[in-house]
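Q: Hey, can you walk me through this one? I'd like to pick out a few spots and ask about them.

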Amino acid sequence: MLLHARILGIGAALALTACASAPPRPGLYAELGGGEGIQAIVDGFLGHVAEDARINHFFAGTDVMRLREKLAEQICVEAGGPCTYTGVAMDVIHAGRGIDAAAFNAVVEDLVAAMDDQGVSVSAQNRLLRQLPPLREDIIHR
């Protein structure tokens with residue numbers, strides 16, 4: 001019994017030592033560069049969208065400055081940052097626009113390109129992209 005307790009104690013000490021020596025993983029918000037990094041991603045994303053003939057027509061007539069602000073808020077929220085999304089609900093803002101899966105995927109490709117441009121790690125990109133499926137359901141209208 002004493003030997004069993006000693007082995008458990010050693011195992012616990014090793015586990016605590018491993019945890020103490022491993023640097024904490026920064027949050028996604030920090031990995032995206034905080035507010036400034038997210039704004040740079042949004043600006044790059046808007047540039048990619050403007051040049052993307054597959055989808056730029058969906059943004060015709062859009063108030064780009066408002067879109068820029070709301071996209072930054074939304075990415076900040078999805079990344080766990082200190083933000084609140086104050087825009088219109090995704091299903092409402094995208095209703096009647098005829099957005100299909102191909103258009104949604106093109107937007108995601110442009111977002112990935114913008115994150116690549118900013119040097120965001122693939123791991124951080126994937127963590128952000130995992131937040132998109134619930135939004136997808138609100139954006140694509142059949």
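This is a predicted model: local features need pLDDT of at least 70, side-chain atom pairs count only at pLDDT 80 or more; totals for chains, interfaces and linings use all residues.

Q: Is Asp52 buried or exposed?

A: Asp52 is buried, because its relative accessible area is 8% and buried means under 20%.

Q: What does the side chain of Asp52 make a polar contact with?

A: With the side chain of Arg54, at 2.8 Å. That pair also counts as a salt bridge, with the closest N and O atoms 2.8 Å apart.

Q: Why would two side chains like that pair up?

A: Side chains of opposite charge can pair when their charged atoms come close.

Q: Leaving aside neighbours within four places in sequence, which residues is Asp52 in contact with?

A: Those would be Ala106 and Asp110.

Q: Back to Arg54. Which other residue does Arg54 form a salt bridge with, besides Asp52?

A: Glu109: the three residues Asp52, Arg54 and Glu109 are linked in a network of salt bridges. In the Arg54 and Glu109 pair, the closest N and O atoms are 2.8 Å apart.

Q: Where do Arg54 and Glu109 lie in the chain?

A: Arg54 is in the loop between H3 and H4, while Glu109 belongs to helix H6, which covers residues 101–117. They are 55 residues apart, so this pair links distant parts of the chain.

Q: How accessible are Arg54 and Glu109?

A: Arg54 is partly exposed, at 43% relative accessibility. Glu109 is partly exposed too, with a relative accessible area of 43%.

Q: How many salt bridges does a search of the whole structure find?

A: Six salt bridges. One of them joins the side chains of Arg68 and Asp43, at 2.5 Å from N to O.

Q: Which parts does the pair of Arg68 and Asp43 tie together?

A: Arg68 lies in helix H4 and Asp43 in helix H3 (residues 34–51), so the pair ties together parts that are 25 residues apart in sequence. As for accessibility, Arg68 counts as partly exposed at 26%, and Asp43 counts as partly exposed at 35%.

Q: Okay, zooming out. How many helices and strands are there?

A: Eight helices and zero strands. If you read along the sequence, the pattern goes α-α-α-α-α-α-α-α.

Q: What share of the residues count as buried?

A: 30% of the 142 residues in the chain.

Q: And how much accessible surface does the chain have?

A: About 8,600 Å², and carbon and sulfur atoms make up 62% of that.

Q: What about contacts between residues 24 or more positions apart?

A: Take the contacts in the chain with a separation of 6 or more: residues 24 or more positions apart account for 68% of them.

Q: New topic. Where does UniProt place the feature "binding site"?

A: The UniProt record, an unreviewed entry, puts that feature at His94. His94 lies in helix H5.

Q: Does His94 count as buried or exposed?

A: Buried, because its relative accessibility is 17% and the cut-off for buried is under 20%.

Q: What does the side chain of His94 reach?

A: The side chain of His94 reaches the backbone oxygen of Met90, at 2.8 Å.

Q: Which residues form a nonpolar patch on the surface?

A: Val88, Val92 and Ile93, with about 220 Å² of accessible area together. Val88 is in the loop between helix H4 (64–78) and helix H5 (90–94), and it counts as partly exposed at 32% relative accessibility.

Q: Last one: which helix is Val112 in, and what does Val112 touch?

A: Val112 is in helix H6. Not counting residues up to four places away in sequence, Val112 touches Gln125 and Leu129.

Q: How far apart are the C-alpha atoms of Val112 and Gln125?

A: They are separated by 7.1 Å, and the two residues are 13 residues apart along the chain. Val112 itself is partly exposed, with a relative accessible area of 21%.

Terms used. Residues are numbered from 1 along each chain as its sequence is written. Side-chain values use heavy atoms; hydrogens and water are left out. Patches are made of residues with over 30% relative accessible area and no salt bridge: like charges are joined within 9 Å, nonpolar side chains (Val, Leu, Ile, Met, Phe, Trp, Tyr) within 5 Å. Accessible areas come from the Shrake-Rupley method with a 1.4 Å probe; for residues, only the protein chains shown count as cover. A salt bridge is a side-chain nitrogen of Lys or Arg within 4 Å of a carboxyl oxygen of Asp or Glu. Helices (H or I, at least four residues) and strands (E, at least two) are DSSP runs, numbered from the N terminus. Buried means under 20% relative accessible area, exposed over 50%, partly exposed in between (1.4 Å probe, protein chains only). UniProt positions are given in the numbering used here, feature names are shortened, and annotations may be inferred rather than shown by experiment. A polar contact is a pair of N or O atoms within 3.5 Å; within protein, one must be able to donate a hydrogen and the other to accept it, and residues adjacent in sequence count only if both atoms are side-chain atoms. Contact means heavy atoms within 4.5 Å.
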